[in-house]
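Hi,

Here is the structure I said I would pass on to you. Have a look at it first, and then read my notes below with the chain open beside them.

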Amino acid sequence: MAYLTTTDLRFRRLPNRWVVVLAVLYPVHALLAPQTGWPVVGWHVLTGLLAFVLLFILYVLGAMGGGDVKLGAAVYLWAGPALALPVTVIVAWLGGLLAIAGWLVDRPGLQRFTNRPWRSMSNALSARRGVPYGVALAVGGLFVLWRHVPL
């Protein structure tokens with residue numbers, strides 16, 4: 001998740017291989033978890049597919065990137081119906097905060113800060129490059145993993 005967050009902030013890209021790894025690990029987890037049966041896995045798959053369809057609509061409307069759609073489907077696959085609402089709240093709030101932060105760093109008054117750390121941060125958050133929803137989805141994914149994987 002940290003790598004996905006970093007690449008989304010730096011390049012506005014989410015590498016497919018990392019998203020695929022996240023998605024493929026769910027069936028592995030489901031097979032190893034003794035309380036998980038096929039009906040539970042089915043509901044998780046259905047939740048992931050529904051998320052994919054809804055996020056794909058946002059992609060078609062230009063509100064989201066393709067990598068965000070794939071990462072969202074993987075996160076909701078892990079979330080299943082039980083955690084779909086909390087994940088949606090986390091992603092929506094954090095996505096909104098990232099959008100506001102991007103709008104703020106693009107304000108002309110803030111462009112006078114020319115030191116390197118500020119330029120790097122403002123470039124990472126800049127709304128001109130799009131909102132890094134992958135960051136919000138990764139945080140939602142961390143919440144799901146925290147709930148699923150005992151430490």
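Let's start inside, with the largest nonpolar core: it has 27 residues. Those with the most contacts within this core are Val 19, Leu 22, Tyr 26, Leu 71, Val 87 and Val 144. As a bit of background, nonpolar side chains tend to be buried together in soluble globular proteins.

Leaving out neighbours within four places in sequence, Val 87 is in contact with Val 75, Tyr 76, Ala 79, Gly 140, Phe 143 and Val 144.

Keep in mind that this is a predicted model. Now zoom out to the whole chain. There are six helices and zero strands, so reading from the N terminus you get α-α-α-α-α-α. The C-alpha atoms fill a box of roughly 55 × 35 × 25 Å along the principal axes. Of the 151 residues, 37% are buried. If you take contacts between residues at least 6 apart in sequence, 69% of them join residues at least 24 apart.

Is Tyr 59 buried or partly exposed? Tyr 59 counts as partly exposed because its relative accessibility is 39%.

Next, a pair of charged residues. Asp 68 sits in helix H4, which spans residues 66–105. Asp 68 is buried but has no salt bridge. How far away is the nearest side chain of opposite charge? That side chain is Arg 12, and the distance is 7.8 Å, whereas a salt bridge needs the charged atoms within 4 Å. Setting aside residues up to four places away in sequence, Asp 68 touches Asp 8, Leu 14, Leu 55, Tyr 133, Gly 134 and Leu 137.

Arg 12 itself lies in the loop between helix H1 (2–11) and helix H2 (16–32). Arg 12 has a positive phi of about 55°, although it is not a glycine. With 14% relative accessibility, Arg 12 counts as buried, because the cut-off for that is under 20%.

- Arg 107 is in the loop between H4 and helix H5 (116–125). At 39% relative accessibility, Arg 107 counts as partly exposed. The C-alpha atoms of Arg 107 and Ser 126 are 9.7 Å apart, with the two residues 19 apart along the chain.
- Val 24 has its place in helix H2. Val 24 is partly exposed because its relative accessibility is 48%. From Val 24 to Gly 37 is 13 residues in sequence and 17 Å in space, C-alpha to C-alpha.

Happy clicking, and talk soon!

Note on methods: Residues numbered from 1 in each chain as written. Predicted model: local features only at pLDDT ≥ 70, side-chain atom pairs only at ≥ 80, totals over all residues. Heavy atoms only, no water. Helix = DSSP H or I, 4+ residues; strand = E, 2+ residues; numbered from the N terminus. Buried < 20%, exposed > 50% of the residue type's maximum accessible area, 1.4 Å probe, protein only. Lys, Arg positive; Asp, Glu negative; His and termini not counted. Contact = heavy atoms within 4.5 Å. Core = buried A, V, L, I, M, F, W, Y, C linked by side-chain atoms within 4.5 Å.
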